[in-house]
Amino acid sequence: MPSDLRANLESVRAKIRDAASRAGRSADEIKLVAVSKTHPASTIADAISAGATVFGENKVQEGEGKIIEIGRDNAEWHLIGHLQSNKARRAVQLFDVIHSIDSIELATRLERICIEEDRPTLSVLAQVDLAGEKTKSGIPESELPELATYLRSCERLKFDGLMILPPYFENADDVRPFFRRLRAIRDEMFPEGQGELSMGMSHDFEIAIEEGATVVRVGTAIFGEREFVKTKSE
Ligand SMILES: *Cc1c(COP(=O)(O)O)cnc(C)c1O
């Protein structure tokens with residue numbers, strides 16, 4: 001196994017502990033999603049040996065082969081990328097948590113598929129777009145209450161929190177207002193102590209934790225730089 005991976009994972013965990021302690025929080029409340037997109041199943045297997053238990057993939061099709069190879073039940077699998085409606089059934093079959101619910105239409109489809117597939121519950125997060133970035137997915141803040149009401153009426157979908165993929169800033173500290181705003185929305189929408197906040201990536205997960213993240217999605221800091229592979233669906 002590349003010794004880097006174990007060391008990287010340790011270093012990310014140490015930073016999570018430090019950021020949590022700065023914020024007066026316990027590191028136990030923070031889930032680390034190791035973002036394995038573009039990396040092969042063998043790398044995921046190495047990460048599992050090094051102690052990682054939760055993996056994030058941003059494409060259903062790419063995740064599928066790896067999840068089958070590693071074993072559906074041998075890790076917790078999170079879909080963190082935009083979900084196209086024609087991939088919804090496969091996503092329901094493969095993933096434990098979907099972070100990218102951004103429309104009532106998608107939620108309706110997933111609820112129906114859960115019923116058809118006899119899946120009793122599916123944990124979902126609403127992806128919120130606070131920057132009005134048309135190129136990215138996410139539901140505008142103004143439409144979020146209606147989506148939340150719908151999700152709460154679902155029998156199978158479990159509305160577990162909010163996710164954000166904020167704009168990239170050279171100076172990571174500039175992202176803080178987005179994290180702070182998402183937290184305020186979460187606090188309004190969920191009873192105290194409930195509602196996950198999926199926010200923070202390699203370059204800003206410590207800031208996200210200071211601002212209340214309960215789920216961080218970290219790829220590069222664990223697995224190293226990704227080679228950019230352009231696929232048909234991009
Ligand atoms: C790729 C990706 C990440 C991880 O990004 P890194 O900068 O490699 O840590 C997190 N969230 C989403 C939605 C992603 O697509």
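**Exercise 1.** In which loop is T121 found?

*Solution.* T121 is found in the loop between α5 (104-116) and β5 (122-129). Helices (H or I, at least four residues) and strands (E, at least two) are DSSP runs, numbered from the N terminus. The model is predicted: local features need pLDDT of at least 70, side-chain atom pairs count only at pLDDT 80 or more, and totals for chains, interfaces and linings use all residues. Residues are numbered from 1 along each chain as its sequence is written, and side-chain values use heavy atoms, with hydrogens and water left out.

Next, consider accessibility. T121 has a relative accessible area of 44% and is therefore partly exposed; buried means under 20% relative accessible area, exposed over 50%, and partly exposed in between (1.4 Å probe, protein chains only).

Finally, T121 and V92 are 29 residues apart in sequence, while their C-alpha atoms are 9.8 Å apart in space.

**Exercise 2.** Determine whether E57 is buried or exposed, and list its contacts.

*Solution.* First, locate the residue: E57 lies in strand β2 (residues 54-57). Its relative accessibility is 1%, so E57 counts as buried. Then examine its surroundings, where contact means heavy atoms within 4.5 Å. With neighbours within four places in sequence left aside, E57 is in contact with S36, K37, I44, E62, G63, K66, H78, L79, I80, G81 and F95.

**Exercise 3.** Describe the shell of residues around the ligand.

*Solution.* The shell divides into six nonpolar, three polar and three charged residues. Here Ala, Val, Leu, Ile, Met, Phe, Trp, Tyr, Cys and Pro count as nonpolar, Asp, Glu, Lys and Arg as charged, and the others, Gly among them, as polar.

Now inspect individual atom pairs. A polar side-chain atom of S202 lies 2.5 Å from a ligand oxygen atom. An N or O atom in the side chain of R226 is 2.7 Å from an oxygen atom of the ligand, and one in the side chain of R217 is 2.9 Å from a nitrogen atom of the ligand.

**Exercise 4.** How many helices and strands does the chain have?

*Solution.* The chain has nine helices and nine strands. Along its principal axes, the C-alpha trace spans about 45 × 40 × 30 Å. Of the 234 residues, 48% count as buried.

Conventions
A residue is near a molecule or strand if one of its heavy atoms lies within 4 Å of it. A polar contact is a pair of N or O atoms within 3.5 Å; within protein, one must be able to donate a hydrogen and the other to accept it, and residues adjacent in sequence count only if both atoms are side-chain atoms.
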